[in-house]
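I set out to record what I looked up in this structure, entry by entry.

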Amino acid sequence: MKTILQMINEARHVDNDEIIEILERENRNDILQMVKDNLKNVRNVHSGCEGYVIECGDEVVKVFYNAYTDMKPMRKLIDAQKRNKKFKVLPTITDSGNYFIVRDNYKPYTKKCKELIDTLFGEDCDIYDFDDGCLYDRYVYNDGKPSNRTEQDAIDWYEQVMDELAMIGIDDIGDLTKHNIAEDKRGNIIYHDFVG
């Protein structure tokens with residue numbers, strides 16, 4: 001069965017000219033060259049609802065279609081990081097422009113990521129279709145408590161996400177699916193695409 005991301009990618013057909021055109025508006029030749037070097041390998045380029053993601057080794061460049069709406073939450077995170085706020089579960093953004101961000105490249109779909117999502121929502125579910133009685137349902141809606149260490153770790157991570165989102169002025173868990181989390185080099189689960 002195809003993932004939502006695969007269906008979106010097939011429907012949009014990644015358009016290298018569009019990516020280059022958007023980045024040319026930035027007048028950032030360093031970012032444009034880094035992206036051009038990685039556009040040659042189609043496996044490095046992905047598209048989704050908000051824009052394109054180009055994997056560039058240890059970093060990812062995300063180019064947004066709509067700078068006004070899609071970049072808003074990222075700008076909040078960038079502003080907080082400039083004020084030396086430290087985040088454990090939100091992505092580290094190392095550079096940005098009007099239409100793009102550069103962030104650390106995290107490893108998606110790891111065993112640890114799958115276990116977290118499955119623990120919160122039930123197997124093969126997410127924020128949009130969780131089962132009644134799952135940990136998320138019990139914890140968020142019914143004041144339930146975790147029943148083991150795995151569930152406690154999942155709730156601790158969830159609470160950390162909510163705390164960090166609140167630090168940047170977002171009060172909604174957002175687009176918490178397996179496609180939007182990944183593991184960093186230290187083994188932390190990063191919520192890298194939190195607004196859908």
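The entries below follow the order in which I looked things up.

**Basis.** I worked from a predicted model, in which local features need pLDDT of at least 70 and side-chain atom pairs count only at pLDDT 80 or more, while totals for chains, interfaces and linings use all residues. Residues are numbered from 1 along each chain as its sequence is written, and side-chain values use heavy atoms, with hydrogens and water left out.

**Entry 1: helices H2 and H3.** I took helices (H or I, at least four residues) and strands (E, at least two) as DSSP runs, numbered from the N terminus. Helix H2 spans residues 16–24 and helix H3 residues 29–39; I found their axes 10 Å apart, at an angle of about 170 degrees. Axes here are lines fitted to C-alpha atoms, for helices over the stretch in contact, and angles run from 0 to 180 degrees between N-to-C directions. The two helices are therefore roughly antiparallel, a label given to angles over 145 degrees; under 35 counts as roughly parallel, 65 to 115 as roughly perpendicular and the rest as oblique. On the H2 side I noted Asn-16, Ile-19, Ile-20, Leu-23 and Glu-24 in the contact, and on the H3 side Ile-31, Leu-32, Val-35, Lys-36 and Leu-39. Contact means heavy atoms within 4.5 Å.

**Entry 2: helix H6.** I next asked which residues of H6 are buried. In this helix, residues 111–121, they are Cys-113, Leu-116, Ile-117, Thr-119, Leu-120 and Phe-121. Buried means under 20% relative accessible area, exposed over 50%, and partly exposed in between (1.4 Å probe, protein chains only). Their cover includes helices H7 (135–142) and H8 (149–167), together with strands E6 (107–108), E7 (181–183) and E8 (189–191). Just after H6, I noted a positive phi of about 100 degrees at Gly-122.

**Entry 3: Asp-70.** I located Asp-70 in helix H4, residues 67–70. Asp-70 is buried but forms no salt bridge, and Lys-62, the nearest side chain of opposite charge, lies 7.8 Å away. For charge, Lys and Arg count as positive and Asp and Glu as negative; His and the chain ends are not counted. A salt bridge is a side-chain nitrogen of Lys or Arg within 4 Å of a carboxyl oxygen of Asp or Glu. I did find a polar contact between the side chains of Asp-70 and Thr-69, at 3.5 Å. Such a contact is a pair of N or O atoms within 3.5 Å; within protein, one must be able to donate a hydrogen and the other to accept it, and residues adjacent in sequence count only if both atoms are side-chain atoms. Beyond neighbours within four places in sequence, Asp-70 is in contact with Glu-50, Phe-64 and Tyr-65.

**Entry 4: salt bridges.** How many salt bridges are there by this rule? The count is 12.

- Asp-58 and Lys-185 form one at 3.7 Å, N to O. The pair joins distant parts of the chain, 127 residues apart: Asp-58 is in the loop between strands E2 (51–56) and E3 (59–64), and Lys-185 in the loop between E7 and E8. Asp-58 is exposed at 56% relative accessible area, and Lys-185 is exposed at 74%.
- Glu-115 and Lys-111 form one at 4.0 Å, N to O. Both lie in helix H6, four residues apart, about one turn. Glu-115 is partly exposed at 41%, whereas Lys-111 is exposed at 65%.
- Asp-153 and Arg-149 form one at 2.7 Å, N to O.
- Arg-28, Asp-30 and Asp-95 are linked in a network of salt bridges.
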